Amino acid sequence: MDRVIETPLTADDISCLKIGDVVYLKGIIYTSRDMAHMTIKDKLDKGQSLPVDFRGAAVFHAGPVVRKTDTGWKLGVIGPTSSIRMEPYAEMVGELGVKAIIGKGGMHDKSRDAFQRYGQVYLQAAPGCAALLADGIEKIEEVHWFDLGMPEALWVLKAKKFGPLVVAMDSRGNSIYQDIRNKAQETIDLLYRPA
Amino acid sequence: MGKPAKELDVSEITKAVRRMCISANYNVPDGSIQALKKALETEESGVGREVLARILENHRIAREECLAACQDTGVAMVFVEAGQDVRFVGGELYDAINEGVRQGYRDGYLRNSVVTDPLFERVNTGDNTPAFIYVDIVPGRDVKITVAAKGGGAENMSGLRMLTPAAGVEGIKQFVVEQVANAGPNPCPPVVVGVGIGGTFDRVAVLAKKALLRSVGSHNPHPMYAKLEAELLEEINKLGIGPQGFGGRTTALGVNIEFAPCHIASLPVAVNLNCHVGPHESVIL
């Protein structure tokens, strides 16, 4: 049976997830990439309110393709963007109460620390599989900050069963990426060790 | 006196660019599909095989349902090889190309991913223009146009180094393999590795990009460079990054090298990566 977790996510939902687990998400998912993160930071700095409540939220590093139709927004395709660009916001995202980050390529030490302190996980969605992933999204609820451009806006998605998502960094400081980076470095040392 | 120049109305170029922007983003190149299928047979990692199967399924759905295979439909790179006996009429060549990109991204529901100013404004241009255009003048009466949609994730993992002659084959290999290792999961492996060797600082980057226009599974006609392509592919696939970066043999589907003469003191090398989608398509007018 596929493991489906529902937003808003609780501390218990997160603490039992470990690297390598495969899950699907149900409920509300927010997209945010470079400009949305910048905008959040800017608003927080100025003491302004945010349009959504990030407590227990799943934030998807993604810039979807969306069409406007007579009946509202319609999702074309959606897939993860490289999460490492959002690394500078690790602390802010943790403080906001975000529980799951969805993206690709993983994040580094600042995020790994934040994940442990705030009880968060990093979920990788299949990169370059945008047609397949769009199937898991039921509809688009609304959009904020559309003036940032379609990819950069904050989209509020409603997922019926979004995934599969692989737990690639957990709340205990484990990271699949770090393990694989270490192995790749060993291979390089072996192949090109100076004589 | 030779034959008069062939006239080509630039509206034909607009049409071709429009069509290829859409088609390239919906239809993952055959060479890549074949390489992915082969990788599915040889991949030893269970997770890796699952990922490869999912990628193939995604690319099939995209083709059949006329959807972009990846949401990042990239910046539009347009390479023109213009025969010197062709005269463009009916408008300006660059305008015609940009119009084709504008129409293609609009009509194909492709994502607009270009901002005006890189640093201060970063406002989306709203129609995916300007295209990034390279024009080469070649002999003959044909015009070959190639459209490549270049996504940001893989492009960000590119690198260039001005090596010197003493670095030799080993130096080139180490740089290329390290570049792919450092890129890790970010360029959406399995990747295609475009390598430029020689030329100058600027030229070598273009060589690496042009190498990606060659189909996966093709080889450089020069036997020494073809051998280097094969060796690099083997060494890259020892890194263990694997499909989606979750481990496995299939880190790269292919390595394509293009080379050029260079200064006696130089050995420039550049790496430009394509994800497993790597949309590109050509037409001859």
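**Overview**

In this structure, 37 residues of chain A are in contact with 42 residues of chain B, two residues being in contact if their C-beta atoms, placed from the backbone, lie within 7 Å. This is a predicted model, in which local features need pLDDT of at least 70 and side-chain atom pairs count only at pLDDT 80 or more, while totals for chains, interfaces and linings use all residues. Residues are numbered from 1 along each chain as its sequence is written, and chains are lettered from A and ligands numbered from 1 in the order in which they are written.

**The side of chain A that touches chain B**

- Helix 5 (130-134) and helix 6 (176-191) of chain A are the elements that give two or more residues to this side; helices (H or I, at least four residues) and strands (E, at least two) are DSSP runs, numbered from the N terminus.
- Helix 6 of chain A supplies the largest share, 10 residues.
- By residue class, this side of chain A holds 21 nonpolar, 12 polar and 4 charged residues. Ala, Val, Leu, Ile, Met, Phe, Trp, Tyr, Cys and Pro count as nonpolar, Asp, Glu, Lys and Arg as charged, and the others, Gly among them, as polar.

**Chain A as a whole**

- Chain A has 6 helices and 9 strands.
- Its radius of gyration is 17 Å, close to the 16 Å that the globule rule gives for 195 residues, so chain A is as compact as a globular protein of that length. The radius is taken over C-alpha atoms, and the rule is 2.2 Å times the number of residues to the power 0.38.
- The C-alpha trace of chain A spans about 65 × 40 × 35 Å along its principal axes.
- Of the 195 residues in chain A, 49% are buried; a residue is buried if 20 or more other C-beta atoms lie within 10 Å of its own, exposed if 12 or fewer, and partly exposed in between, with C-beta atoms placed from the backbone.

**Chain B as a whole**

- Chain B contains 8 helices and 10 strands.
- Its radius of gyration, 19 Å, agrees with the value near 19 Å that a compact globule of 285 residues would have.
- Buried residues account for 48% of the 285 residues in chain B.

**The sheet of chain B**

- An open sheet of 4 strands in chain B has the order 4-2-5-10, with mixed pairing; two strands pair if DSSP finds at least two bridges between them.
- Strand 4 (132-138) and strand 10 (280-284) of chain B stand at the edges with a single partner strand each, so one side of each is left without a neighbour in the sheet.
- Strand 2 (residues 75-83) and strand 5 (residues 143-150) of chain B pair in the antiparallel sense over 8 bridges.
- B:Met77 stands opposite B:Ala148, which is in strand 5 of chain B.

**Helices of chain B**

- The axes of helix 1 of chain B and helix 4 (residues 93-107) of chain B come within 7 Å and cross at roughly 35°; axes are lines fitted to C-alpha atoms, for helices over the stretch in contact, and angles run from 0 to 180 degrees between N-to-C directions.
- The residues of the contact between helix 1 and helix 4 of chain B divide into 11 nonpolar, 5 polar and 4 charged.
- B:Ile33 lies in helix 2 (residues 30-42) of chain B, and B:Ile33 counts as partly exposed, with 19 C-beta neighbours inside 10 Å.
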